[in-house]
Amino acid sequence: MQFDLTSDQTMLADAARRLSEENLEPVLAREPAGTPLSKAAMQEIYGYLADFGITAARLPEEFGGSGLSMLDYGLVMEQLPAVVALSLLSHDGSTVRFNAGADPAVRAAYLDDFRSGRKIVCTANSEPGAGSDSNAISTRLEIEGDRAYLTGTKMWITNASVCDCMIVSCSAGRDDRGRPVPQRVLVDLSQSRVGLAETPLAGLKQGHLCEVTFDRTEVPLSHLIGTPGDAGKYMTIVWNANRPLIGLMALAIARRAYDTALAHVTERRQFGAPLAARQLIQQDLSDMEAMLTSARLTCLMALATLDTGARSNGLSAMAKRLATGNAIKVIHTAMQLCGGMGITEELGLAQLWADARVFQVPDGTQGILALIHGRDITGTAAWR
Ligand SMILES: Cc1cc2nc3c(=O)[nH]c(=O)nc-3n(C[C@H](O)[C@H](O)[C@H](O)COP(=O)(O)OP(=O)(O)OC[C@H]3O[C@@H](n4cnc5c(N)ncnc54)[C@H](O)[C@@H]3O)c2cc1C
């Protein structure tokens with residue numbers, strides 16, 4: 001067991017920090033703070049991410065993927081602005097979902113553009129009636145000759161309003177228990193008509209969350225991916241890596257709140273001494289540091305476990321739940337340590353709280369993550 005980064009990992013994390021400071025943050029700063037980034041800004045960001053080699057981090061190397069381990073990907077992700085990291089997670093995971101089972105000619109037509117970030121891709125699974133119960137999708141696939149048609153509504157889709165293509169989960173029929181048979185379909189927005197409506201977010205306000213409607217949206221039959229019924233498997237494979245990565249994103253936000261609070265209590269004097277000299281304040285700082293460190297190590301352990309080829313369902317779920325939960329607690333305490341300054345907009349802590357809070361829902365709510373972990377512990381699924 002080793003807890004220090006190798007020199008290569010240190011260089012990688014430093015390079016990712018410079019990428020953020022020198023290239024990504026300036027793009028975000030140029031755009032309005034409270035609204036989703038423009039498509040032009042997203043294209044510029046994806047250009048930088050592609051130059052860094054992380055637009056298809058999880059794609060197998062034989063298909064031109066980065067060859068980055070999940071652990072190293074985590075070390076990069078925690079350095080990126082959260083709004084960029086969440087978008088990249090969707091793009092990179094969707095590229096994996098596309099590649100596994102795509103028709104060879106369709107793969108040849110699209111993969112290079114996804115890998116290079118020239119085209120942005122997202123995954124549309126959630127629906128008004130299918131959130132945590134992700135298999136309960138009702139978006140219908142109808143096949144007529146060599147064309148397929150999609151009808152239904154998707155909700156809360158990351159990247160949808162700025163993407164070029166979507167990997168849509170739809171129902172290809174019903175199994176013998178009456179459950180939908182989920183099928184992946186590539187929808188190219190330059191060819192197929194799709195309705196898009198942005199849904200404003202409480203945090204990460206420069207990000208994109210969309211409602212997507214399909215009204216007999218036509219797609220070529222060759223755009224069906226994999227085999228009917230396998231969509232859930234590829235959702236889970238991607239989620240298992242997404243979860244600790246999202247945990248690291250939330251913790252990076254919380255670390256900023258901790259740093260802000262530490263600077264504040266070091267400067268601020270009350271009752272004749274710096275706040276940092278008081279026992280109760282030191283206990284808060286110790287609790288915060290413990291929450292950040294323990295959750296980060298758990299996320300890195302989950303990623304390292306995935307690198308061994310293990311499935312890691314329970315560990316990944318535990319890591320995200322612990323990390324996003326701890327992030328919220330740390331920011332909450334940071335706000336309290338800063339008193340009036342913490343509750344006004346001056347230090348930006350309330351915004352950090354809202355940004356980190358977003359991460360407690362996608363790719364498994366806190367409750368569902370506990371149930372996934374609980375299933376690993378007990379061998380019994382408790383959600384049905
Ligand atoms: C920022 C963000 C990005 C997203 N990006 C995408 C995306 O790119 N693609 C996509 O397809 N979707 C995306 N989503 C949707 C996301 O996957 C769903 O919001 C999530 O799965 C939860 O579904 P829901 O909102 O319908 O909540 P619900 O499933 O209705 O859950 C509501 C509450 O009930 C609890 N609950 C549910 N079932 C049980 C049970 N059996 N036992 C106990 N408690 C239960 C949950 O834990 C939760 O607290 C995104 C959401 C957000 C917020």
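**A pocket and a ligand site**

The lining of the second largest pocket comprises 16 nonpolar, 6 polar and 11 charged residues. Please bear in mind throughout that this is a predicted model.

Remain at this pocket, whose volume is about 900 Å³. To find its centre, select E25, P81, A82, I253 and R256, which are the closest to that point among the 33 lining residues. Next, colour helix 1 (7–30), helix 4 (82–99), helix 6 (231–267), helix 7 (279–307) and helix 10 (349–358); each of these elements gives two or more residues to the lining. Helix 6 contributes the most, with 8 residues.

Display the 18 residues around the ligand; S126, S132, W156, T158 and T365 come nearest. By class, the shell holds 10 nonpolar and 8 polar residues, and no charged ones.

- Side chain of S132: an N or O atom is 2.6 Å from an oxygen atom of the ligand.
- Side chain of T365: a polar atom lies 2.5 Å from a ligand oxygen atom.
- Backbone of W383: an N or O atom lies 3.2 Å from a nitrogen atom of the ligand.

Finally, show the ligand surface: on its own the ligand has 980 Å² of accessible area, of which the protein covers 65%.

Notes: Residues numbered from 1 in each chain as written. Predicted model: local features only at pLDDT ≥ 70, side-chain atom pairs only at ≥ 80, totals over all residues. Heavy atoms only, no water. Near = heavy atom within 4 Å. Polar contact = N/O pair within 3.5 Å; in protein donor to acceptor, adjacent residues only side chain to side chain. Areas by Shrake-Rupley, 256 points an atom, 1.4 Å probe, with all protein chains shown as cover. Nonpolar A, V, L, I, M, F, W, Y, C, P; charged D, E, K, R; others polar. 1 Å grid on protein atoms, 1.4 Å probe; cavity = no way out; pocket = protein on both sides within 12 Å on 5 of 7 lines; lining within 4 Å. Points joined across faces, edges and corners; volume = space filled by probe spheres on them. Helix = DSSP H or I, 4+ residues; strand = E, 2+ residues; numbered from the N terminus.
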